[in-house]
Amino acid sequence: MKRKNTIYEICIYAILIIAFLIVIFPLISVFMASFKTNAEILTSAEKVFPKKLTFENYVLAWNSENFRVGQMLFNSIWYSLTSVVILLFLSSVAGYVFARGEFKGKKIIFAIFTALMFVKLGPITIYPQFETLGRIKLSSSLWGLIVMECFSMPIIEVYLVRGFVNSLPKALDEAARIDGCSFTGTFFRIILPLLKPVMITIGMLGFNGSWNNYLYPTLFTMSRPDQQTLIVGIMALKNSGESASAWNLMFSATVIAIIPVLTAFILGNKHITQGMMAGAVKG
Amino acid sequence: MLKYKLELKEKTSIQLQCYLLIALPLIGFFIFTIYPMYWVGFRSFTFYDLIPGHERIVGFKNYLTALTNVKYWKTWLTLLQFTFIKVPIELVLSLFLATVLSRKLKGSGFFRASFFMPKIISAVIVSVIFTNIFGYFGFANYWLEKLGFISSPIEWYSKKSTAMTLLILGSIWGNFGTNVLYFTAALTNVPEELYEAAEIDGAGRMARFFNITLPMIIPVFQTILLLAINGTLQTGDYVIVMTNGAPGGMTHTPMSYLIGEFVPGFASGTVNVGYGCSIAIINSIIYIIIASIYSKATSNAQNLY
């Protein structure tokens, strides 16, 4: 019996390790390729590891005139951080209001925002959205996208926060109210500090989503190449005629674009994975 | 009386605070959701190519053109193929891995995290990596040929079947880890005593899986299936980034077709935006129908158990 179990365990580990290797292979390959010269990338693709490590690609990408990695990295950082702050604010406030607030139309408003998850007209709505933003001269910059995010309802995150607030004892609010806190004050003084775990999950996933966002940042930077984020810039380079001769630039930019999200994930993967598992069960 | 008045005053004040706290999304709802919906609905009955003065009402002509557009309906066929191949493979694979990982295995947290990790990688990066690995002189062709699976290198992006394979592969790579997490959560809720009882009764691993695990996680399984199907139906930017419809628009899904043909920056030349609006509306009607059929089927299935 004991022996049977050991063999079983060895099989399990073998399966898991194979799965692990397949999963990380694409990332290993791009990471290694970013240290190859362009000639080596094109001629010996069958080898994962470079003949000798060269940091030349990173230097080239950093100093390139038309592919400004530094500028794009900066854009990615400020855009993602701003987006996350907005997301955290909107989702926590709305989650609290829909959990504890009492106002006319609460149920209907919540139902409408939920139903909107299923009505997806797609990015064709960019025409009227540009029309509106164009009136305040914001249709062609990343700031326009930020403004649009300020006015949106992140309904899935709102659900998460609402569920979390509902699980907190109501006595907390009542105690604060007796001590003279207003409805809004109760949120900032009592509820918000308690939301920390769910805020971390939302923040991590939100940062990741904004960093990787492709479609809308592309639309909003069409006439402003200086505002392109890394993801937008990499895709633009890939779609351009020079892509075959620019694999080295593309790979080094790709690695630069992966490192922040990967670091964030390694630091916070417990919050992300546990948050998602909790969401699934309540779901 | 005074107490009552004070209470009323507080209630009104709370109401006001509630509205103010969610004022931004409420205003945004009208400006960035309702108005665009009205815009798209209205424009779908017009010819509109963004040139001032060209706009005219054409009635149902855009809808008729869309309904008889073979290229457009083929995108639905592609989406069905994509969904029916991808979703089963992904779910079976993740259920299998989750079952293996739910045992008190050393390092299970590490494996779960690394399976989830591809989810944090942008589709654009997946596309860069795949274009390189599956290039004509790329890694995949070299080793597939060397190991005798193919006799000559494949042009992965120039045949529908191979391009679809890449789309499915990339999508499973990116998403299966999420489902592993969901399944793990579901599995930890199955009471341990059930397994112990079955083990005493002499049930093997397989029997335990099919007679205990599977029935116990059916409700969560349906949620996971709904999420997977819903996510797949909306597939749009992913295809734009990975293949951009290559070869010749054959791997377009309805959403990516809409983006590739009608959205500024992706569409080529002047397009009839009104026609695009009618396609967007047909798309969303079909999405809603599928979702409601699915939720009905689910509730029927739940009545059976």
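A:F31 counts as partly exposed because 16 C-beta neighbours lie inside 10 Å. The cut-offs are these: a residue is buried if 20 or more other C-beta atoms lie within 10 Å of its own, exposed if 12 or fewer, and partly exposed in between, with C-beta atoms placed from the backbone. A:F31 sits in helix α1 (residues 2-33) of chain A. Helices here are DSSP runs of H or I with at least four residues, strands are runs of E with at least two, and both are numbered from the N terminus. From A:F31 to A:K52 is 21 residues in sequence and 14 Å in space, C-alpha to C-alpha.

The model is predicted: local features need pLDDT of at least 70, side-chain atom pairs count only at pLDDT 80 or more, and totals for chains, interfaces and linings use all residues. Residues are numbered from 1 along each chain as its sequence is written, while chains are lettered from A and ligands numbered from 1 in the order in which they are written.

**Chain B as a whole**

Chain B has 13 helices and two strands. Its radius of gyration is 25 Å, whereas a compact globule of 305 residues would have one near 19 Å. That radius is taken over C-alpha atoms, and the globule rule is 2.2 Å times the number of residues to the power 0.38. Along the principal axes, the C-alpha atoms of chain B fill a box of roughly 85 × 80 × 35 Å. Of the 305 residues in chain B, 35% are buried. Among the contacts in chain B with a separation of 6 or more, 68% join residues 24 or more positions apart. Two residues are in contact if their C-beta atoms, placed from the backbone, lie within 7 Å.

**Helix pairs**

Two packed helices are described by the angle between their axes and the distance between the axes. The table gives one pair from each chain.

| Helix pair | Axes come within | Crossing angle |
|---|---|---|
| α4 (residues 70-102) and α8 (residues 160-188) of chain B | 7 Å | roughly 40° |
| α4 (residues 69-100) and α8 (residues 155-166) of chain A | 8 Å | roughly 50° |

Axes are lines fitted to C-alpha atoms, for helices over the stretch in contact, and angles run from 0 to 180 degrees between N-to-C directions. α4(A) is therefore oblique to α8(A). α4(B) and α8(B) are likewise oblique to each other. The classes are set by angle: under 35 degrees is roughly parallel, over 145 roughly antiparallel, 65 to 115 roughly perpendicular, and the rest oblique.

α4(A) passes α8(A) in a right-handed crossing. From α4(A), the contact residues include A:L87, A:S91, A:Y96 and A:R100; from α8(A), they include A:E157, A:V161 and A:N166. By class, the contact of α4(A) with α8(A) has eight nonpolar, four polar and three charged residues. Ala, Val, Leu, Ile, Met, Phe, Trp, Tyr, Cys and Pro count as nonpolar, Asp, Glu, Lys and Arg as charged, and the others, Gly among them, as polar.

The crossing of α4(B) and α8(B) is right-handed. The contact of α4(B) with α8(B) holds 17 nonpolar, nine polar and two charged residues. Handedness follows a simple rule: a crossing is left-handed if the near helix is turned anticlockwise from the far one by less than a right angle, and right-handed if clockwise.

**Where the chains meet**

In the contact between the chains, 68 residues of chain A meet 74 residues of chain B. Helix α14 (residues 247-282) of chain A gives the largest share of the chain A side, 13 residues. That side of chain A has 47 nonpolar, 16 polar and five charged residues.

**Around α11 and α12 of chain B**

The loop between α11 (237-242) and α12 (254-262) of chain B holds B:P247. The peptide bond from B:A246 to B:P247 is cis, with omega near -5°. B:N244 lies in the loop between α11 and α12 too. B:N244 is not a glycine, yet its phi is positive, about 50°. With 17 other C-beta atoms within 10 Å, B:N244 is partly exposed.

B:Y257 is in helix α12 of chain B. It is buried, because 27 C-beta neighbours lie inside 10 Å. Leaving out residues up to four places away in sequence, B:Y257 touches B:Y72, B:T75 and B:H252. B:T75 is 182 residues from B:Y257 along the chain, but their C-alpha atoms are separated by 7.2 Å.

**A loop residue in chain A**

A:K137 lies in the loop between α6 (126-135) and α7 (142-150) of chain A. Its phi is near 60°, a positive value in a residue other than glycine. A:K137 counts as exposed, with 10 C-beta neighbours inside 10 Å.
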